[in-house]
Amino acid sequence: MNRITPSNAPIFWLLFGAGGVLSALFGSALVFITGIAGPLGIGLSADALSYQRVLGFAQNFIGKGFLLACIAFFAWHAAHRLLCTVHDFGIHKTVFVKSIFYGCAMVITLVAASSLLSVGF
Amino acid sequence: MNTQVKSRGPYKRSMTGWWKRDPFFMKYMVREMSALAVAGYAIVLMFGVLRLSQGEAAWNGWLAAMKSPLSILLHLTFLLGMVVHAKSWFEIMPKTMPAMHSGGQRVPGSTITRTGWAVTVVASLVTWAIAAWWKA
């Protein structure tokens, strides 16, 4: 008798894959813009990261969606990958360990979503 | 007495530092560790939108923190991690996705990898253009 046990693993793989693609495509550019070029004023104007400008981007429908997708999918991708990597160091995927990693991703997602909602449209 | 207890059962080789045994394992570990950069940046960006939602003063505080030498150094390591991730992600892609066929021929893995890298370059340029010319 063959019985297929329903598994929640595909959900986490999907989030891992989505975050993997998104961070591969946009991660390097985003880190460079918001973390290096913007703050140091390399190749970007001084007001590139000004409050008004970033607020406008976060209030734009596409900008808001892009920011949320990046933060949330990056977090889920990293949580899943690091969960698998700590296994390689002898920390096994118990429900407790999984809850910590996926829980962090969930908190990051919720904080980002509520912040982006509260800046309005 | 203790040694006697220990000697029971089959021999088990220690797994401590296993990933240092082979260059292939080291490469694997470097690739997996790129997730630290992705995680770190997600947290930085999360604080960014959180501070943005708290008003101009809060945002300027975040921006000032981003200008600190420690933050610049951190973002340089994030950048390195992101590049390692982008490179390796598309190197692995031919092995993780279903086989693609074109004109009865299987699309070679190297084509998929190079296409991924090319799309990354285009996406990076588009992101840069938006950062440079976006009008609020």
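Helices (H or I, at least four residues) and strands (E, at least two) are DSSP runs, numbered from the N terminus.

**Basis of the report**

This is a predicted model, in which local features need pLDDT of at least 70 and side-chain atom pairs count only at pLDDT 80 or more, while totals for chains, interfaces and linings use all residues. Residues are numbered from 1 along each chain as its sequence is written, chains are lettered from A and ligands numbered from 1 in the order in which they are written, and side-chain values use heavy atoms, leaving out hydrogens and water.

**Chain B**

Chain B contains 5 helices and 2 strands, arranged along the sequence as α-α-α-α-β-β-α. The radius of gyration of chain B, taken over C-alpha atoms, is 23 Å; a compact globule of 136 residues would have a value near 14 Å (the rule is 2.2 Å times the number of residues to the power 0.38). The C-alpha trace of chain B spans about 75 × 55 × 25 Å along its principal axes. Of the 136 residues of chain B, 33% count as buried (buried means under 20% relative accessible area, exposed over 50%, partly exposed in between, with a 1.4 Å probe and protein chains only).

**Interface of chains A and B**

Contact (heavy atoms within 4.5 Å) links 54 residues of chain A with 53 residues of chain B. The two chains bury about 4,700 Å² between them, 76% of it on carbon and sulfur atoms; buried area is the accessible area (1.4 Å probe) that two parts lose on being put together, summed over both. A:Y51, A:R53 and A:R81 supply 15% of the area that chain A buries against chain B, more than any other three residues.

**Salt bridges**

Over all chains, the whole structure holds 3 salt bridges (a side-chain nitrogen of Lys or Arg within 4 Å of a carboxyl oxygen of Asp or Glu). Across the interface of chain A and chain B there is 1 salt bridge, between A:R81 and B:E32 at 3.4 Å, N to O. A:R81 is buried at 4% relative accessible area, and B:E32 is buried at 6%. B:E32 also meets B:R31 in a salt bridge at 3.5 Å, and B:R31 is partly exposed at 23%.

In chain B, the side chains of B:E91 and B:K87 form a salt bridge at 2.8 Å. Because these residues lie 4 residues apart in helix α4 (residues 69-96), B:E91 and B:K87 are separated by about one helical turn. Shared partners join A:R81, B:R31 and B:E32 into one network of salt bridges.

A:I62 lies in helix α3 (residues 61-88) of chain A and counts as exposed, at 67% relative accessibility.
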